[in-house]
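Here's a short tour for anyone meeting this structure for the first time. Have a look at the chain below, then read on.

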Amino acid sequence: MSKLYNKKEDVKSFVTEKKKKELPRGLQIDTTTGEGANITRIEKAKGGRARDKQPPKTKKYFRSTKSGAGMTKAGVARYRRENPGSKLKTAVTGKVKKGSKAANRRKSYCARSAGQMKKFPKAAADPNSRLRQARRRWKC
């Protein structure tokens, strides 16, 4: 039977005594500090998985609605730096060969965003909404 560890001291003693890599759910070891490892709670998103770090919503990292919404090249680079292992890429905006990886990414995005159009009819009706502008940029 597993024991519940609510206090930070209990968790630290658990790690030092057992010398295990596994921690109780919702906790992680932060080794960025100088002395020893700190144990921190993982911030959870609505769906239950750890929340990704997002770049700030500035002109450098996110396109304006007029220029097609979405992230800029710099924004994608920063996101991938802050979230190692991420496969995020910029929009497919150029001409692509039928059946290529880029064409399949575009087809997939267009299918997903079509679902958003159904879910948000106000955004679908407004030609200047971020959703419509992004779809235009992706050539959906």
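This is a predicted model: local features need pLDDT of at least 70, side-chain atom pairs count only at pLDDT 80 or more; totals for chains, interfaces and linings use all residues.

A residue is called buried when its relative accessible area is under 20%, exposed when it is over 50%, and partly exposed in between (1.4 Å probe, protein chains only). Residues are numbered from 1 along each chain as its sequence is written, and side-chain values use heavy atoms, leaving out hydrogens and water.

**The overall layout**

Helices (H or I, at least four residues) and strands (E, at least two) are DSSP runs, numbered from the N terminus. Here they come to five helices and two strands, and the pattern along the sequence reads α-β-β-α-α-α-α. The chain exposes about 11200 Å², with carbon and sulfur atoms supplying 53% of that (Shrake-Rupley method, 1.4 Å probe). Contact means heavy atoms within 4.5 Å. Among the chain's contacts with a separation of 6 or more, 32% are between residues 24 or more positions apart.

**Helix H3 and its cover**

H3 covers residues 101-119, which makes 19 residues. From first C-alpha to last it reaches 27 Å, close to the 27 Å expected at 1.5 Å a residue (the expected span is 1.5 Å times one less than the number of residues). Which residues of H3 are buried? They are Ala103, Arg106, Tyr109, Cys110 and Ser113. Looking down the axis of H3, these buried residues fall within an arc of 125 degrees, so they line one face of the helix (the arc is that of the directions from the helix axis to the C-beta atoms). Lys101, Lys107, Ala111, Arg112, Lys118 and Lys119 sit on the other side of H3 and are exposed.

Part of the cover over the buried residues of H3 comes from helix H5 (130-137). In turn, the cover over the buried residues of H5 includes H3 and helix H4 (121-125). Those buried H5 residues are Leu131, Gln133, Ala134 and Arg135.

**The cores**

In soluble globular proteins, nonpolar side chains tend to be buried together. A nonpolar core is a set of buried Ala, Val, Leu, Ile, Met, Phe, Trp, Tyr and Cys residues joined through side-chain atoms within 4.5 Å. The largest one has seven residues: Ala69, Ala91, Val92, Tyr109, Cys110, Ala134 and Trp138. Leaving aside neighbours within four places in sequence, Ala134 is in contact with Gly68, Ala69 and Tyr109. Another core, of five residues, lies apart from the largest one and includes Tyr61, Met71, Val76 and Tyr79.

| Residue | Relative accessible area |
|---|---|
| Glu82 | 24% |
| Arg78 | 22% |
| Arg105 | 28% |

The structure holds one salt bridge, meaning a side-chain nitrogen of Lys or Arg within 4 Å of a carboxyl oxygen of Asp or Glu. Glu82 and Arg78 form it, at 2.8 Å from N to O. The pair is four residues apart in helix H2 (residues 73-82), so about one helical turn separates them.

Arg105 belongs to H3. Setting aside neighbours within four places in sequence, Arg105 is in contact with Lys89, Thr90, Val92 and Trp138. Arg105 and Ala91 are 14 residues apart in sequence and 8.8 Å apart in space, C-alpha to C-alpha.
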